[in-house]
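Open the model in a viewer and keep the selection tool at hand. The stops below say what to select next and what is there.

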Amino acid sequence: MDLTLKIWRQASSKVKGQFVNYQVQNISAEASFLEMLDILNESLVAKGEEPVAFDHDCREGICGACSLYINGRPHGPDRGITTCQMHMRNFKHGETIIIEPWRAKPFPVIKDLMVDRSSFDEIIQAGGFVSVRTGGIPDANSIPIPRRNAELAMDAAACIGCGACVAACKNASAMLFVSAKVSQFALLPQGRIEAQERVQRMVAKMDELGFGNCTNTYACEAECPKEISVSNIARMNREFLSAKLISHKEF
Amino acid sequence: MTKLNPKIPNGQLDQKWTNYKAHQNLVNPSNKRRLDIIVVGTGLAGAAAAASFGELGFNVKVFGIHDSPRRAHSIAAQGGINAAKNYPNDGDSVFRLFYDTIKGGDYRAREANVFRLAEVSNSIIDQCVAQGVPFARDYGGLLDNRSFGGAQVSRTFYARGQTGQQLLLGAYSALSKEIGKKTVKMYTRRDLMDVVIVDGLARGIIVRNLITGEIERHSAHAVVLATGGYGNVFFLSTNAMSSNGSAIWKAYKKGAFFGNPCFTQIHPTCIPVHGEYQSKLTLMSESLRNDGRIWVPKKLEDAEKIRKGTLKAGNLKEEDRDYYLERRYPAFGNLVPRDVASRAAKERCDAGFGVGTTGLAVYLDFADSIKRLGKNVIESRYGNLFQMYEKIVDENPYENPMMIYPAVHYTMGGIWVDYELQTTIPGLFAAGEANFSDHGANRLGASALMQGLSDGYFVLPYTIQNYLANQIQIPTIKTDLPEFVQAEKETKDLIQKLLTINGKNTVDSYHRKLGLIMWDNVGMGRNKEGLTNAIKLIQELKVDFWKNVKVTGTNDQVNPELEKALRVADFIELGELMARDALSRQESCGGHFREEYQTPEGEALRDDKDFTFVSAWEYKGDNVEPEMHKEPLVFEFIEVKQRNYK
Ligand SMILES: Cc1cc2nc3c(=O)[nH]c(=O)nc-3n(C[C@H](O)[C@H](O)[C@H](O)COP(=O)(O)OP(=O)(O)OC[C@H]3O[C@@H](n4cnc5c(N)ncnc54)[C@H](O)[C@@H]3O)c2cc1C
Ligand code: SF4
Ligand code: FES
């Protein structure tokens with residue numbers, strides 16, 4: 001199929017960007033979306049032009065690197081997948097596809113379609129862990145965990161840190177991402193011990209970094225490639241309130 | 001004179017690690033603060049090591065090419081991680097895990113290392129559970145296990161089909177905790193350009209900042225490379241796009257020996273190649289072989305019809321199907337080790353029985369299991385994998401058998417290390433897939449995650465101290481030493497050269513060509529003629545590359561073309577070394593199948609008399625033949641046998 005691509009080009013974070021139109025021909029329906037961009041890029045390089053920069057790595061929906069806004073939606077039209085898992089059969093011959101980077105204040109553009117998501121790492125560094133050291137740990141089966149809790153924890157832990165939830169939210173809220181981590185640990189006995197301190201630290205960091213408030217529109221859940229549930233946000237809110245009730249510390 | 005000393009501790013096999021730890025040198029807490037360690041890589045091995053060093057009180061600097069440590073390629077591992085817990089009470093033990101690993105590796109790994117790996121495997125599971133890794137559990141709330149190829153016990157722990165993700169996020173959380181405490185400093189989006197050696201010791205690295213293009217110098221008292229495997233030499237592989245061999249290749253060029261470069265694992269269950277533009281291959285977890293049966297048509301004419309689309313797999317009668325693994329290997333059936341399963345698929349396809357439009361595919365069929373267990377059981381076990389398959393291939397695997405074909409997956413070869421995971425350069429250590437160590441000529445499923453975490457959590461935190469204990473008098477290493485200046489200059493010259501060739505061929509076009517040469521000659525079947533030819537072709541490709549490659553953009557900005565060019569330049573040289581190693585190993589063992597050395601039934605023929613050694617290659621200069629050293633492998637505690645999965 002032949003397509004028109006309207007792609008956001010921006011040389012660096014310091015300059016303004018704009019849309020540039022490109023044509024690609026003979027794209028197979030079996031190709032993935034990123035392979036289609038590879039084809040465009042190889043043709044640009046052959047002409048001596050600069051290829052379009054975008055983040056990607058695993059190309060199978062698990063590393064969370066790919067992050068394209070396609071026709072106005074994070075990770076494109078299909079549900080429950082990342083950009084790299086989308087195939088060109090989702091598009092029609094002759095179509096124009098608009099491709100942009102994530103647009104959210106805490107994720108500044110680095111170049112073209114690449115953004116800086118290090119704020120997510122900072123939130124994890126603030127409390128997204130269990131404070132155990134290497135070694136000296138009792139047997140793994142010494143604390144049985146109800147299967148249902150383990151499954152719910154795994155559902156939350158499946159988050160790939162892509163940032164689509166933030167990009168989808170009109171307030172650029174990171175609640176889905178943060179609540180997924182808070183929930184994973186809150187559901188497990190190993191994580192319970194620090195649960196109250198953790199949620200306060202992570203929320204404080206999230207606010208400090210300029211992520212917006214949650215106004216319950218749930219655009220995040222709809223666009224999340226791992227279909228992380230907004231029930232995690234409710235759980236985090238409960239954790240947060242109960243922690244605030246008894247805590248005297250400021251984070 | 002060879003510099004190879006594996007430094008295997010004395011004593012009985014099960015006492016070696018205990019003895020080592022009891023007698024090694026340690027660094028006291030106040031000195032730890034004054035010692036700097038550089039870790040390159042934040043996969044399982046790197047993140048685990050860095051977090052553990054930080055906890056011990058060392059000054060740690062960590063580097064990676066990704067924008068976040070959480071995105072290292074370990075994230076993509078699906079199936080699981082082995083440990084000798086014997087929770088299912090099915091006869092497992094540390095010795096059995098050790099034995100299976102040695103045997104699975106076709107007796108080409110070091111006994112003492114592999115035993116230590118099996119010994120610490122249980123602590124890994126304890127550690128991960130304590131970190132909050134949500135492993136699969138049974139209804140009683142205890143940890144669940146499944147079986148994997150090459151083993152007769154169920155010893156694989158898993159977190160749905162995302163085990164690597166969950167283990168890496170565990171290690172990442174430990175690392176983040178230390179970064180938060182400022183014991184560890186993280187440098188993201190940095191590409192290793194060189195290892196700096198001062199007076200024969202590893203003292204630092206040169207990296208390129210992938211955002212600004214700046215070339216930076218970093219110094220330390222010891223350097224750990226945990227940069228993963230080099231399967232992308234083949235262009236198409238299951239590895240992530242940015243996985244590369246450059247870091248270990250630079251170390252090799254600085255004097256670290258390269259161990260068993262030709263040992264490559266070709267994974268039997270991947271989605272077959274479908275087009276020219278394809279950028280990578282997708283693995284379908286090996287766990288599928290627990291319930292899927294592998295077959296091709298028995299008759300050539302049926303295979304032909306299937307390829308043309310005039311016959312459907314489901315319509316082929318039972319007696320017209322050849323379940324070739326069950327036929328050839330009744331004891332292990334569909335669960336034979338990866339190398340055996342891959343070769344058997346190639347053999348059938350080469351003989352004309354392959355399916356799919358290209359004829360390079362075999363069936364992995366769940367119809368029997370669905371009949372026996374019900375669709376929902378299969379769905380609960382493999383739902384996400386089936387969904388992934390359907391998204392890619394656009395076919396429903398509950399109704400039609402999956403099509404699979406082998407693909408490059410893992411490199412057992414890597415930087416040669418001794419028992420302490422130290423390379424031949426003092427102060428330079430290698431961990432995870434980047435080192436050559438524990439898997440011999442073939443890695444068993446679910447053992448790479450185990451090895452990465454073993455190296456990072458439980459081996460390096462000890463062994464590195466044995467080295468650093470002699471460094472406590474050395475103040476912070478200055479980065480204005482002439483060795484740093486020189487290394488930085490060489491890096492800048494190299495980049496300048498690539499940017500100014502301004503030829504007519506894209507970087508990818510060279511990578512694809514190299515991949516084809518490698519796949520055809522240094523892939524699943526190797527022979528003298530093909531390997532000799534491959535060396536020649538690769539040398540020609542190298543000349544062509546340095547004359548005609550086109551690298552767009554400049555150095556002072558994000559430049560993915562330049563990044564790729566730097567990697568492909570190294571892959572070309574590494575590919576040649578792999579071919580050389582394969583040529584010199586005149587036997588078939590594990591993933592290394594030399595067509596000249598096989599039994600009349602087509603099974604691999606090992607030559608223990610002449611080849612029970614690790615080949616360790618020493619760099620001798622650009623376009624000069626490297627020198628091979630041999631580390632003899634001595635088996636004191638087990639009997640070396642012919643591998644038999646029949
Ligand atoms: C699809 C897939 C599925 C797998 N499934 C399993 C499984 O189920 N069980 C199992 O045991 N094994 C599995 N494996 C193998 C296993 O995942 C890997 O061997 C293992 O994760 C490697 O870990 P590592 O820490 O050595 O390196 P990696 O995770 O590859 O990390 C490498 C690190 O080094 C950094 N780096 C790389 N190059 C440079 C450079 N030039 N400069 C600076 N930094 C650099 C990267 O940024 C990264 O942080 C699988 C592999 C694949 C491809
Ligand atoms: S919650 Fe979903 S959308 Fe948000 S970072 Fe995680 S996986 Fe991505
Ligand atoms: S490239 Fe890894 S999730 Fe898309």
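Which residue forms a salt bridge with B:R585, and how many Å apart are the closest N and O atoms? Select B:R585 and B:E587: the two form a salt bridge, with 2.8 Å between the closest N and O atoms. A salt bridge here is a side-chain nitrogen of Lys or Arg within 4 Å of a carboxyl oxygen of Asp or Glu. Both B:E587 and B:R585 are buried, where buried means under 20% relative accessible area, exposed over 50% and partly exposed in between, with a 1.4 Å probe and protein chains only.

This is a predicted model, in which local features need pLDDT of at least 70 and side-chain atom pairs count only at pLDDT 80 or more, while totals for chains, interfaces and linings use all residues. Residues are numbered from 1 along each chain as its sequence is written, chains are lettered from A and ligands numbered from 1 in the order in which they are written, and side-chain values use heavy atoms, with hydrogens and water left out.

**Salt bridges**

Over all chains, a search of the whole structure finds 71 salt bridges.

Next, select B:R189 and A:D55, whose side chains meet in a salt bridge at 3.0 Å, N to O. B:R189 lies in the loop between strand 5 (184–187) and strand 6 (190–198) of chain B, and A:D55 in the loop between helix 1 and strand 3 (68–70) of chain A, so the pair joins two chains. Helices (H or I, at least four residues) and strands (E, at least two) are DSSP runs, numbered from the N terminus. B:R189 is buried at 8% relative accessible area, and A:D55 is buried at 11%.

Then select A:R89 and A:E30, a salt bridge with 3.5 Å between the closest N and O atoms. A:R89 is in the loop between strand 4 (73–74) and strand 5 (96–101) of chain A, and A:E30 is in the loop between strand 2 (18–24) and helix 1 (33–46) of chain A, so the pair ties together parts that are 59 residues apart in sequence. A:R89 is partly exposed, with a relative accessible area of 25%, and A:E30 is partly exposed at 34%.

**Chain A and its helix 2**

Show chain A as a cartoon. Chain A has 9 helices and 7 strands, and its C-alpha trace spans about 60 × 40 × 35 Å along the principal axes. Of its 251 residues, 57% are buried.

Select helix 2 (residues 118–127) of chain A. Here 7 of the 10 residues are buried, so helix 2 is largely enclosed by the rest of the structure. Among the buried residues are A:F120, A:D121, A:I123 and A:I124. The cover over the buried residues of helix 2 includes helix 4, helix 5 and helix 7 of chain A, together with helix 6 (163–181) of chain B.

**Rings**

Rings of Phe, Tyr and Trp (its six-membered ring) pair if their centres lie within 6.5 Å; planes under 30 degrees apart count as stacked, over 60 as edge-to-face and the rest as tilted. The count comes to 36 aromatic pairs over all chains. Select A:F107 and A:F211, an edge-to-face pair at 5.9 Å centre to centre, with 75 degrees between the planes. Both A:F107 and A:F211 are buried.

In chain B, select B:Y230, B:W249, B:Y252, B:F258 and B:Y619, which ring pairs link into a cluster. Finish with B:R443, whose charged end sits over the ring of B:Y410, 4.1 Å from its centre. A charge sits over a ring if NZ of Lys or CZ of Arg is within 6 Å of the ring centre and within 35 degrees of the ring normal. B:K375 lies over the face of B:Y398, at 4.6 Å from the ring centre.

Conventions: Contact = heavy atoms within 4.5 Å.
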